[in-house]
Amino acid sequence: MSLDVRGGKRRAPGSASSLVSADVRAHNLGIVARYLAENGPSSRSQIAEGSGLTRGAVTVLASSLIEAAVVREAQPKYKAGKGRPIVPLELASDDVALLVLQLDADKATALLSSVAGDVLLRIAEPHGRPMGRPELILDVLAATLDRALEASREMGRRVAELTIVAFAPVGGDPVQVIADTDLGWGHVDVIGGLRARVQGFPEAVRLVGDVHVAAVAEQGFNPGIKDLCYVKSNSGIGGALIVDGKLVRGGFGLAGALGHLPVRPGGIVCECGQIGCLVTVAGPDAVLIAAGMGEELHRDGLTSALAEFSRRVLVGEPAATAVWDEARVWIARSLQLVAVTLDPQLIVLGGYWSLLSESIGQSFAEQRKGFFATGAGSAVRVVPGRLGDDAALLGALWQARDRYFSGPLEIKT
Ligand SMILES: [Zn+2]
């Protein structure tokens, strides 16, 4: 799949009219900076025309962005016989980078990007999945972060923001991983653990749950959709809920943890303590082992083994197909529960489920058939995510970029 790392086809969620004034300004600063990131050097008039902002608004916003060194004036362009030259604006920030550090059940990944969206470095280090031993995994995460920071220094770029993406729910103050059943973790202070290990640890740091940034990124590809359920499987099964345009976090930060919907009465005990969770009957480890792919899982890691499993299902390999036909019934059942609870417009499937979304959609439609025969109940669509396994990584990067572009607001207030 070819990905637009710059996120050019997305639309920023929310509309200016629904936002309060400070947010409007941040939103509009973002529009100007994003326009330059996506279109290259442009005149104020071109930005106004392309963005829908007035020429006057663009001039004011551009001044703030120039003052904050996010944008600068490029070489003037003289046109024969036209009097005053046109002075295009361009993104400054050649000395700045954004860094995303991601931890999944297989590996640590670092993605270093310019604010314009050029990937400067992408590295990944397997951690061997030592269950219940966060210190060992933090060592690998710290080494990966070290390499990325060193690379950024060598390029003469300062890391404006580090976003750490955990494939697990996060919450609390200071923010921590709450529980990670794929790694056998309870509460783990990832930021504190890395700060203690890494010299030159960036000042601006965030820790986010993968499904939250992934869901917002996928929503950006579906303008007009305000009620969306994102469900993914790669490391375990996770989900995130967007209701009336807002991400639902829940009272304990655990909203949307759909892998732990207890769907099978009398099933096996899950890592979370409940019985018969979706992840125990349709989670990555469960399906790979049932399909006789334990060796691939052990040797190649989850991501690679799941890609191979998907391939086998798509070509109709009997063992994988039999396992999948059973698993997708449980997945569809879980989606039914979510659909009845939240009435979403759209269910987006991420991770390897995006490759198998058609068969999941079929099971869902069959099982939900007849729900409120008026037709309203069957309108929810099940679609594959656009970003696959990179949804969280790119979502985190785009959100960091949007924050950076809106940065002058913080300077002003
Ligand atoms: Zn569970």
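Rings of Phe, Tyr and Trp (its six-membered ring) pair if their centres lie within 6.5 Å; planes under 30 degrees apart count as stacked, over 60 as edge-to-face and the rest as tilted. The structure shown is a predicted model, in which local features need pLDDT of at least 70 and side-chain atom pairs count only at pLDDT 80 or more, whereas totals for chains, interfaces and linings use all residues. Residues are numbered from 1 along each chain as its sequence is written, and side-chain values use heavy atoms, with hydrogens and water left out.

View 1. By the ring rule, the model contains five aromatic pairs. F221 and W398 form one of them, an edge-to-face pair with 6.1 Å centre to centre and 65° between the planes. This pair links distant parts of the chain, 177 residues apart: F221 is in the loop between α6 (210-219) and β10 (228-234), and W398 is in helix α13 (residues 391-405). Helices (H or I, at least four residues) and strands (E, at least two) are DSSP runs, numbered from the N terminus. F221 counts as buried because its relative accessibility is 15%, and W398 is buried with a relative accessible area of 2%. The rings of F309 and W324 have centres 6.2 Å apart and planes at 75°, so this pair is edge-to-face. F309 lies in helix α10 (residues 302-314) and W324 in helix α11 (residues 318-342), so the pair ties together parts 15 residues apart in sequence. Both F309 and W324 are buried. Ring pairs join F309, W324 and Y352 into a cluster. Buried means under 20% relative accessible area, exposed over 50%, and partly exposed in between (1.4 Å probe, protein chains only).

**View 2. The zinc site.** H260 (ND1), C270 (SG), C272 (SG) and C277 (SG) coordinate the zinc ion at 2.0 to 2.3 Å. Donors are N, O and S atoms within 2.8 Å of the metal (3.2 Å for Na, K and Ca); water is not among the atoms, so sites may look incomplete. Along the chain, the donors of the zinc ion follow the spacing H-x9-C-x1-C-x4-C. The arrangement is tetrahedral because the four donor atoms subtend angles of 103 to 122° around the zinc ion; four donors count as tetrahedral if all angles lie between 85 and 135 degrees. C270 counts as buried at 7% relative accessibility, whereas C272 counts as partly exposed at 35%.

**View 3. Helices α1 and α13.** The axes of helix α1 (residues 21-39) and α13 come within 8 Å and cross at roughly 120°. Axes are lines fitted to C-alpha atoms, for helices over the stretch in contact, and angles run from 0 to 180 degrees between N-to-C directions. The two helices, α1 and α13, are therefore oblique to each other; angles under 35 degrees count as roughly parallel, over 145 as roughly antiparallel, 65 to 115 as roughly perpendicular and the rest as oblique.

**View 4. Loop residues.** D389 is found in the loop between β14 (381-384) and α13. D389 and K232 are 157 residues apart in sequence and 8.9 Å apart in space, C-alpha to C-alpha. A cis peptide bond, with omega about 0°, joins D173 and P174. D343, in the loop between α11 and β13 (346-351), has a positive phi near 50°.

Key. Tetrahedral: all angles 85-135°; square planar, octahedral: opposite > 155°, others 65-115°.
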